[in-house]
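Hi,

Here is the structure I promised to pass on. Have a look, and my notes on it follow below.

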Amino acid sequence: MITGELKNKIDGLWDIFAAGGLVNPLEVIEQITYLMFIHDLDDSDNLRAKESAMLGLPYESIFSEKVEIGERTIEGSQLKWSVFHDFPAGRMYSVIQEWVFPFIKTLHSDKNSAYSKYMDDAIFKLPTPLLLSKVVDSLDEIYHLMAEAKDMDIRGDVYEYLLSKIAQSGRNGQFRTPRHIIRMMVELMQPKPDDIICDPACGTSGFLVTAGEYLKEKHKEDIFFNKQKKDHYMNHMFFGYDMDRTMLRIGAMNMMTHGVESPFIEYRDSLSDQNPDKDKYSLILANPPFKGSLDADSVSGDLLKVCKTKKTELLFLALFIRMLKVGGRCACIVPDGVLFGSSTAHKAIRKELLEEHRLEAVISMPSGVFKPYAGVSTGILIFTKTGHGGTDKVWFYDMTADGLSLDDKRTPVAENDISDIIERFHNRDKEMDRARTEKSFFVPKQDIVDNDYDLSINKYKQIEYTPIEYPAPKEIMDKILELDAQIAKELTELKAML
């Protein structure tokens with residue numbers, strides 16, 4: 001969580017944009033992202049130069065002595081943040097607009113890279129030199145505070161706080177997934193260095209970024225000291241699709257600023273025939289759009305064979321099954337209606353998961369998790385694609401707290417089930433004897449089949465009622481009369497005092 005002076009500085013940066021006439025949250029984040037990327041290019045180039053010098057290896061800076069911008073050749077050093085941020089406002093504005101921005105747009109010669117795709121039509125929108133100067137100064141202060149924090153995750157926290165400024169839901173019921181819920185899902189799935197990871201509704205790439213950070217923490221030696229696995233991590237591991245080009249641009253840069261050189265982030269309607277992916281991925285992490293309703297003509301035919309519906313949340317589940325390779329795993333967020341809906345399509349997708357694949361877990365989340373964006377009740381489904389069944393029992397967990405209040409304010413509280421969920425999920429052999437009155441328990445497959453494939457935890461959780469013994473009615477009446485007599489006596493005494 002971002003607090004104190006750093007939070008105030010970011011809020012102040014937001015105010016600077018508003019005062020300058022830029023008020024669309026996505027546009028503001030987009031412009032901040034460009035400038036952060038320019039700043040990080042300078043930092044990462046300096047770091048790589050130092051590392052190469054220590055190892056005695058040659059290194060050619062991207063800010064080499066001469067850089068070609070269009071038909072002009074200029075000194076590369078002028079494109080470095082550490083150089084131009086000291087320029088007068090007018091000169092800095094012209095350098096960024098005329099040189100730096102064209103330079104970063106053509107930075108990757110591979111036109112198929114995620115970066116090139118979404119920088120091609122990027123527009124520098126800061127209207128005046130004065131506004132740019134204030135924004136650059138504010139970002140310098142923010143970076144200084146981040147450096148002082150000495151927190152490995154502070155950069156991610158800052159970016160997430162920026163993204164939280166997107167206060168309204170997007171199209172088709174999209175809304176930002178809280179970062180701690182993403183982290184929980186990643187830790188439940190424990191990505192491996194050889195995984196191929198996809199989010200077919202990636203937005204700003206939160207799931208992909210967090211999976212990448214997890215791998216760097218848990219498998220650093222495997223990834224960075226094995227040439228083949230490093231190439232896989234940088235260029236072939238992460239795939240994300242979305243239908244909002246601004247989100248894709250932010251998502252691609254989010255991945256790259258977190259150290260993934262070439263993620264495959266692409267504009268695609270995942271549910272349509274534009275998406276040919278089948279038996280491709282080993283891990284899917286997603287929070288697909290809820291409450292969307294599509295034209296059946298635009299939906300891929302093989303998804304409709306699994307469940308004939310226009311509801312996006314059901315179609316995405318069918319899509320995840322199709323996109324996973326056999327043995328591939330999925331953790332996805334679904335609205336509660338998916339778990340107990342009585343329509344033919346609802347039952348069909350639940351039956352598919354239970355009978356044809358291995359449904360492993362259903363985690364019920366409280367309705368406040370997505371506030372202030374939405375108050376919808378949700379759950380997490382975890383399953384493995386097998387193509388021939390394999391479900392014998394399903395693990396349920398009744399999550400009631402996530403470390404934050406469940407109102408619109410979402411302030412920190414002591415109650416938090418997340419670490420318990422992760423611990424119990426990875427030690428399910430110890431869960432066998434838990435009663436259905438506890439927070440987690442197993443339900444045999446046959447019980448679920450007998451209940452029309454209902455996956456709502458309330459169908460199986462048992463509530464313990466402790467009997468309360470009350471006094472006999474005569475005793476209660478005697479007590480009331482005694483109290484009335486006492487009140488009358490005291491009122492008489494009070495009256496005598498007047």
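Predicted model: local features only at pLDDT ≥ 70, side-chain atom pairs only at ≥ 80, totals over all residues.

Cys202 is in none, and the nearest cysteine sulfur, that of Cys198, is 8.3 Å away. Cys202 is also buried, at 5% relative accessibility. A disulfide needs the two sulfur atoms within 2.5 Å. Cys307 counts as buried as well, with 1% relative accessibility.

Next, Asp42. This residue has its place in helix α2, which covers residues 25-55. Is Asp42 buried or exposed? Its relative accessible area is 2%, so Asp42 is buried, the cut-off for that being under 20%. A polar atom of the Asp42 side chain lies 3.3 Å from the backbone nitrogen of Trp81. If you leave aside neighbours within four places in sequence, Asp42 is in contact with Trp81, along with Phe63, Lys80 and Ser82.

Then there are the rings. Searching the whole structure gives 15 aromatic pairs. One aromatic cluster is formed by Tyr34, Tyr93, Phe101 and Phe124. Two charged side chains may also interest you. Arg268 has its charged end over the ring of Tyr241, 4.0 Å from the ring centre. For Lys393, the charged end sits over the ring of Phe442, and the distance to the centre is 5.3 Å.

Best wishes

Terms used. Residues numbered from 1 in each chain as written. Heavy atoms only, no water. Phe/Tyr/Trp six-rings, centres within 6.5 Å; stacked < 30°, edge-to-face > 60°. Lys NZ or Arg CZ within 6 Å of the ring centre and 35° of its normal. Helix = DSSP H or I, 4+ residues; strand = E, 2+ residues; numbered from the N terminus. Buried < 20%, exposed > 50% of the residue type's maximum accessible area, 1.4 Å probe, protein only. Polar contact = N/O pair within 3.5 Å; in protein donor to acceptor, adjacent residues only side chain to side chain. Contact = heavy atoms within 4.5 Å.
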